[in-house]
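Hi,

Here is the structure I said I would pass on.

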Amino acid sequence: MSLAVYPGSFDPLTLGHVDIAARATTLFDVVVIGIAHNAAKAERHLLDVHERLRLARDSTSHLPGVEVDIVPGLLADYCSRRGASAIIKGLRNGSDLDTELPMALLNRDLGAPETVFLPASAAYAHISSSLVKDVAGYGRDVSALVPPAVAHALEVRLAQAPGSAAHDGVDSGPVPPGTPPSRFVGADHTREDLP
Ligand code: PNS
């Protein structure tokens, strides 16, 4: 049985992520969506890891061969524990490749299996978790970009965020630098959650 790990922050999972996971199952018997820790983003997560796990499970339950798990430490160690024969990453553009290539090489140095890059489907190549959070933060419908359960969770989460545009109905514009995560994060389009 072949198993591949598809790691990321998935904050939140998008339709692009689901598409990559589904397509990866044509190459591997089991594809584990691994919710992993990205030190660079740890302070800025909108959804906690258990919520991300729940949403990823809910959104991929129709896909045989896809599992969801938390990657608690180094990805390389997790791959070794699970007997993974590959890491899956989605690529939307050259800038994704620039970010991913060093990680693939470092992971290999750390004893991880080879990284297999899958090109994003054209329909999803513009979607990132950061942009989803940005648009949702202004109270707009993101159901064309994320699975239904994620759209609902974002709506609920942002309605709870004091001062968010979705909360107070005021277009308060982009989030100013230094705004705490409880208000809202993601207005800056960083390299968030590869497809
Ligand atoms: O979706 P992201 O945030 O771009 O994914 C990055 C992620 C989570 C896959 C990466 O930060 C990672 O693998 N984290 C686990 C810890 C680890 O192994 N770090 C070394 C990576 S070379």
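This is a predicted model: local features need pLDDT of at least 70, side-chain atom pairs count only at pLDDT 80 or more; totals for chains, interfaces and linings use all residues.

**The ligand site**

Which residues come nearest to the ligand? Out of the 16 around it, they are Gly8, Ser9, Ala36, Asn38 and Leu75. Two elements, β1 (3-8) and α4 (94-109), each give two or more residues to this shell. The largest share is that of α4, with three residues.

I also checked the UniProt record. The entry is unreviewed, and under "binding site" it lists Ser9, Lys41, Leu75 and Lys89. Ser9 and Leu75 are also among the residues that come nearest to the ligand.

- Ser9 sits in the loop between β1 and α1 (15-24). It has 22 C-beta neighbours inside 10 Å and therefore counts as buried, the cut-off being 20 or more.
- Lys89 belongs to strand β4, residues 86-91. Despite the charged side chain, Lys89 counts as buried too, because it has 24 C-beta neighbours inside 10 Å.

Phe10, in the loop between β1 and α1, has a positive phi of about 50 degrees even though it is not a glycine. Phe10 is buried as well, since 26 other C-beta atoms lie within 10 Å. Then there is a cis peptide bond between Asp11 and Pro12, with omega at about 5 degrees; Pro12 is again in the loop between β1 and α1. If you set up the backbone yourself, those are the spots I had in mind when writing this section.

**Overall fold**

The protein has seven helices and five strands, and along the sequence they follow the pattern β-α-β-α-β-α-β-α-β-α-α-α. Of its 195 residues, 40% are buried. Looking at contacts with a separation of 6 or more, 77% come from residues 24 or more positions apart.

The five strands make an open, parallel sheet in the order β3-β2-β1-β4-β5. On average, neighbouring strands are turned by 30 degrees against each other, direction ignored.

Some details on the pairing:

- β1 and β2 are parallel and pair over six bridges; Tyr6, for one, has Ile33 in β2 as its bridge partner.
- β1 and β4 also run parallel, joined by two bridges, and Val5 has Ile87 in β4 as its bridge partner.
- β2 is largely enclosed by the rest of the structure, because six of its seven residues are buried.

**Helices**

Helix α3 (residues 75-82) packs on the sheet and touches β1, β2 (30-36), β3 and β4. Its direction makes about 155 degrees with that of β1. Helix α4 lies across β4 and β5 and runs at about 170 degrees to β4.

Is helix α5 (residues 129-137) mostly covered or mostly open? Mostly covered: seven of its nine residues are buried, namely Ser129, Ser130, Val132, Lys133, Asp134, Ala136 and Gly137. After α5 comes Gly139, with a positive phi near 85 degrees.

**One more residue**

Gly111 is in the loop between α4 and β5. With 11 other C-beta atoms within 10 Å, Gly111 counts as exposed, since the limit for that is 12 or fewer. Setting aside neighbours within four places in sequence, Gly111 is in contact with Ala76 and Ser80. Gly111 and Leu75 are 36 residues apart in sequence, yet 9.8 Å apart in space, C-alpha to C-alpha.

Cheers

Definitions and conventions. Residues are numbered from 1 along each chain as its sequence is written. Helices (H or I, at least four residues) and strands (E, at least two) are DSSP runs, numbered from the N terminus. A residue is near a molecule or strand if its C-beta atom, placed from the backbone, lies within 6 Å of it. UniProt positions are given in the numbering used here, feature names are shortened, and annotations may be inferred rather than shown by experiment. Two strands pair if DSSP finds at least two bridges between them. Axes are lines fitted to C-alpha atoms, for helices over the stretch in contact, and angles run from 0 to 180 degrees between N-to-C directions. Two residues are in contact if their C-beta atoms, placed from the backbone, lie within 7 Å.
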